[in-house]
Structures are given as structure tokens and as C-alpha cells.
Amino acid sequence: MDDFIKQYLEYNQQWAQDKQEEDSEYFNLLAEGQHPKALLLGCSDSRVSPSVVIGADLGEVFVHRNIANVVAHSDLNFLSVFQYAVEVLKVEHIIVVGHYGCGGIQAAMSNNLYGLIDNWLANIKDVMTLHEAELNAIADEQQRLNRLVELNVFEQINNIRQTSVFRKAQQNGIAPKLHGWVYNFSTGLINVIFGPEINSSASRV
Ligand SMILES: [Zn+2]
């Protein structure tokens, strides 16, 4: 077995033992069921682990991750996670977490061909088309990329609003609150760009 795989499994044994010693009910409580307050949609990037950077313990956040934190209306995987989170778990918050330095966003902005993934990245190209004028006005490439990361978070929130699940929840008066965050893996800090706590006219695109 590769050394690093062995290390992971050894760590797991020790971690489970430590948790059990700290709190003998810890695993029993988790086994009884989950009551997460939030659904978190993040990027698959290994430098971005939303539950780690907000200190959420097991059972606290329901998580879905894909390349560039996209909400595609034809993606049954995300839509199933979303429906379960809203209708069964009744989460109170949905947080879309993008991140600066996102390789998916960078790839979408380039004109290179990467194969199958280009079809997924077409979702980001749609965001670029929608905001072409604003993006073209930014001369600095890094700033343009950073802005596209933010615009992508706004547009994925808009996509959530269009889903049948969200619209039904709205009709029933149980729609979760929507939040848009951008994580910076160079500083470890989250930039809150959208949410009920922010003046929505200032934060909207
Ligand atoms: Zn990413």
C-alpha cells in the first residue's frame, strides 16, 4: 500500500479512538440522524474544503462540490442533493462558495480545448457572455479572473432561484436564505459578496 494511503488509514483509527474517548456519545448521536442547518455548494479544488474553513463539525453542513461550484439545470446529481437538502433536511441556508484562483474559471476564460470538461465549463462561458461588457472593461487579467469568480457565484445563486425546488419552497414560505461567498486560499479568508446581511442592491450584479 502507498505510504500516504497507509497514513490516512492510521490517522483514521487514531481519530476515531480519540473522538470516542472525548465523547462516548459522539458517534451514537451522528448515527441517529443529521440536522444540518446549511447546504454548501463548493468547488472540488483540494485547497478548498468549505466545512474545514468554517469549523463545521460532522453533521453540521450538507455539502455538494463540483468543478467551479456550478448549478446546472440539467445536473440531476446537484438537483437531487438540493431537493433532499430543502425538502427533507429543511436547511435554513444555502451557501454558494466560489474561490479566487479557481482552475475551472481560468480554463473557461482561456480559449484552450480540454476535452469533455469543456462541456461543463460552458456553464461558466455563459456567465462570461452575460457579463461581457463588465469583464472586457477590466484590463488586468488577474482582476478579470477574480471578478468572473464573483460573477459566477452570483449567477449560480440566480440559477438556484430558477429551480423548481426553490420556487416551490418560496411558494410554501420555507425558502432557505441564499448566501454567496468567495474563499481566498492565499489568506484562508472568506469574502462575503451576497446574502441577507448585505444591501442587496449594492451586491447584485
Ligand atoms: Zn475551483
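Reader: Two strands pair if DSSP finds at least two bridges between them; with that settled, what is the order of the strands in the open sheet?

Author: The order is E2-E1-E3-E4-E5, an open sheet of five strands with mixed pairing. This is a predicted model, in which local features need pLDDT of at least 70 and side-chain atom pairs count only at pLDDT 80 or more, while totals for chains, interfaces and linings use all residues. Residues are numbered from 1 along each chain as its sequence is written. Helices (H or I, at least four residues) and strands (E, at least two) are DSSP runs, numbered from the N terminus.

Reader: Which strands stand at the edges?

Author: E2 and strand E5 (189-194) do, and since each has a single partner strand, one side of each is left without a neighbour in the sheet. Neighbouring strands are turned by 25° against each other on average, direction ignored, where axes are lines fitted to C-alpha atoms (for helices over the stretch in contact) and angles run from 0 to 180 degrees between N-to-C directions.

Reader: How many bridges does E1 make with E2, and how many with E3?

Author: E1 pairs in the parallel sense with strand E2 (residues 61-66) over six bridges, and five bridges join E1 to strand E3 (residues 93-99), again in parallel. On the E2 side, alanine 38 has valine 61 as its bridge partner, and leucine 41 has histidine 64. On the E3 side, the bridge partner of leucine 39 is isoleucine 94.

Reader: Is E1 largely enclosed or in the open?

Author: Strand E1 (residues 38-43) is largely enclosed by the rest of the structure, because six of its six residues are buried; a residue is buried if 20 or more other C-beta atoms, placed from the backbone, lie within 10 Å of its own, exposed if 12 or fewer, and partly exposed in between. Ala38, Leu40 and Gly42 point one way from E1, whereas Leu39, Leu41 and Cys43 point the other way, and all are buried.

Reader: What lies across E1 and E2?

Author: Helix H4 (residues 76-88) lies across both strands, and H4 runs at about 165° to E2.

Reader: Changing topic, which residues have a positive phi without being glycine?

Author: Two examples are alanine 68, with phi near 70°, and lysine 90, with phi of about 55°. Alanine 68 sits in the loop between E2 and H4, and alanine 68 counts as buried because there are 27 C-beta neighbours inside 10 Å. Lysine 90 is in the loop between H4 and E3, where, with 13 C-beta neighbours inside 10 Å, lysine 90 counts as partly exposed.

Reader: And helix packing: at what angle do H6 and H8 pack?

Author: Helix H6 (residues 117-130) and helix H8 (residues 141-162) pack at an angle of about 100°, and their axes are 10 Å apart. Ile124, Val127, Met128 and Leu130 of H6 make the contact with Leu148, Leu151, Asn152 and Glu155 of H8, contact meaning that the C-beta atoms of two residues, placed from the backbone, lie within 7 Å.

Reader: Further along H8, is isoleucine 157 buried or exposed?

Author: Isoleucine 157, which belongs to helix H8, counts as buried because it has 22 C-beta neighbours inside 10 Å. Leaving aside neighbours within four places in sequence, isoleucine 157 is in contact with Val96, Leu178, Gly180 and Phe194. Isoleucine 157 and valine 70 are 87 residues apart in sequence, yet their C-alpha atoms are 9.4 Å apart in space.

Reader: How many residues of H1 are buried?

Author: The number is zero out of the 20 residues of H1, so this helix lies largely in the open.

Definitions and conventions
Two strands pair if DSSP finds at least two bridges between them.
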